Amino acid sequence: MIVGSGFAGFECARRLSRLLHHHRSADTVTLISPIDYLLYTPLLPEVAGGAIDPRFAAVPLIDMLPRVRIVRAYVDSVDIPAHTLQCRDQENTSYQLSWDRLVLTPGSISRLFDIPGLAEHGRGLKSTAQALYLRDHILEQFELARIDTDKQRAAARKTIVVVGASYSGTELIAQLCAMSAVAVHNFGFTTGDVRLILVERSGRMMPELGAELAARAERVLRRRGVQIRVGVTLSEVASDHVVLSDGTRIDTYTVAWVTGVVASPLIAALGLPTEKGRLKVGPDLQIPGAEGVFAGGDAAAVPDATNPGTITPPTAQHANRQGKTLARNVAASLGYGSPRPYRHRDLGTVVDLGPGFAVANPLGIQLSGLAAKFITRLYHLYAIPRNANRWAVALGYLTNTLFTLPLVSIGLGQSSLARFSASEEFVATPQVGNMRDEQMYADDRRYQEAAAEATALPANRSPT
């Protein structure tokens with residue numbers, strides 16, 4: 001039984017089903033997830049910027065996991081001594097499932113802080129709903145700004161604040177910068193009308209990346225008109241403005257919160273030992289004292305064999321590789337093959353910065369500009385685990401090279417569905433009717449309470 005269809009859960013299910021089939025095993029692999037696809041999260045900034053269709057970032061489970069039983073449901077609780085877990089489907093019908101081996105890969109949610117108004121007015125970038133909301137909302141604000149007779153309010157509509165200058169925040173503002181450049185031309189704005197502001201609490205952009213590459217990325221963004229504020233964060237968020245921790249007020253209707261992740265709230269409910277909010281596991285990814293229970297990905301504190309005394313960061317690269325190790329070790333626990341500890345070799349990082357530019361350090365080689373752009377796109381086409389998606393993304397890249405980016409608000413980015421609590425894959429679809437808004441706010445409160453239990457987790461997320 002595998003909980004979660006992120007990088008670790010997906011790769012574990014794929015590899016484990018192949019191993020068991022190879023050994024002609026009668027064991028069944030079941031994957032439980034509230035969504036029916038693997039979300040290739042590194043493409044979400046391009047989805048938000050309108051450069052990539054959201055379908056291209058979604059890899060259907062039923063196509064890629066033909067030997068896996070897929071159960072679309074939310075996992076509410078796990079009874080480890082009884083080897084059972086409690087689920088509920090999309091209509092909130094509860095039922096119980098049993099397991100012989102359990103792999104916990106429920107992933108992560110956005111890391112929130114106790115900032116007034118953040119949950120109500122901020123939006124993240126952890127789901128297609130949030131990415132589509134950002135794109136539609138920004139375009140709607142641009143259209144409203146054209147007809148707004150209040151100059152101050154019109155300026156606020158053309159101001160975008162992105163909080164978090166790690167990988168995803170930097171990529172997001174780069175894509176929004178490209179989209180805004182087209183809007184300036186199409187909507188008749190003057191140069192400088194659209195303000196893009198990147199806020200980072202630490203002393204510089206992308207603190208996880210080398211100082212030289214981060215400096216190159218910063219120079220490119222500044223040349224494109226992005227205002228970068230470091231050493232500050234938000235202290236208040238309202239519907240029409242934000243206040244920074246240094247007291248600066250910025251009038252805006254758009255706030256993207258991309259400051260890091262914490263483990264899924266399911267982890268806190270298990271009652272198992274954790275480290276920095278993530279499940280403690282051994283080098284073989286098995287949970288000590290819980291025989292037959294494994295964990296990986298963003299929800300697990302996996303020891304970093306290359307840096308003793310530390311745990312691996314919650315990145316897509318680590319999650320994908322841990323999925324392979326999980327498959328091998330679960331199969332070994334069933335008598336097929338031998339287990340091995342999780343080890344990795346850092347392949348480097350790629351950061352897409354919009355048209356014609358990227359930074360990358362493949363195998364330690366520092367690149368920027370067109371060479372890095374080529375490596376970045378090649379990596380994504382390699383890493384997406386489905387040929388149809390690769391083809392579609394490649395065509396999208398080609399189309400964006402040959403033609404102007406289309407600015408279309410397609411109406412799919414609903415604010416209610418893009419709320420942190422409703423869009424990050426661990427709560428059921430909110431009830432409809434008169435109680436819908438009340439349910440949303442209740443979910444937000446539960447969301448913040450769950451996130452607060454894991455605030456010791458470092459503020460980083462799954463980079464490309």
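Predicted model: local features only at pLDDT ≥ 70, side-chain atom pairs only at ≥ 80, totals over all residues.
I started at strand 8, where I looked up Ser98 and found it to be the bridge partner of Thr84.

Next I checked how strand 7 (residues 84–88) and strand 8 go together: they run antiparallel and are joined by five bridges. Then I looked at the whole sheet, which is open, has three strands in the order 6-7-8, and pairs antiparallel. Strand 6 (74–79) and strand 8 (94–98) are its edges, each pairing on one side only. I also noted the twist, which averages 25° from one strand to the next. A reminder to myself: strands of a sheet pair through backbone hydrogen bonds.

On to another pair. Strand 14 (residues 234–237) and strand 15 (residues 241–244) are antiparallel too, over three bridges. They make a hairpin, with three residues between them. Which residue of strand 15 does Leu234 face? I found Leu244 opposite Leu234.

Then I turned to helix 12, where Trp391 sits. Is Trp391 buried or exposed? Its relative accessible area is 60%, so I put Trp391 down as exposed, the cut-off being over 50%. Trp391 also belongs to a nonpolar surface patch of about 590 Å², along with Leu395, Leu398, Leu402 and Phe403.

Last stop was Thr404, in the loop between helix 12 (387–402) and helix 13 (420–423). I noted Thr404 as exposed because its relative accessibility is 62%. I also looked up Val182, which is 222 residues from Thr404 along the chain, and the C-alpha atoms of the two are separated by 7.7 Å.

Note on methods:
Residues numbered from 1 in each chain as written. Heavy atoms only, no water. Helix = DSSP H or I, 4+ residues; strand = E, 2+ residues; numbered from the N terminus. Buried < 20%, exposed > 50% of the residue type's maximum accessible area, 1.4 Å probe, protein only. Pairing = 2+ DSSP bridges. Patch = residues over 30% accessible without salt bridge, like charges linked within 9 Å, V, L, I, M, F, W, Y side chains within 5 Å. Areas by Shrake-Rupley, 256 points an atom, 1.4 Å probe, with all protein chains shown as cover. Salt bridge = Lys/Arg side-chain N within 4 Å of Asp/Glu carboxyl O. Axes fitted to C-alpha atoms, helices over the stretch in contact; angles between N-to-C directions.
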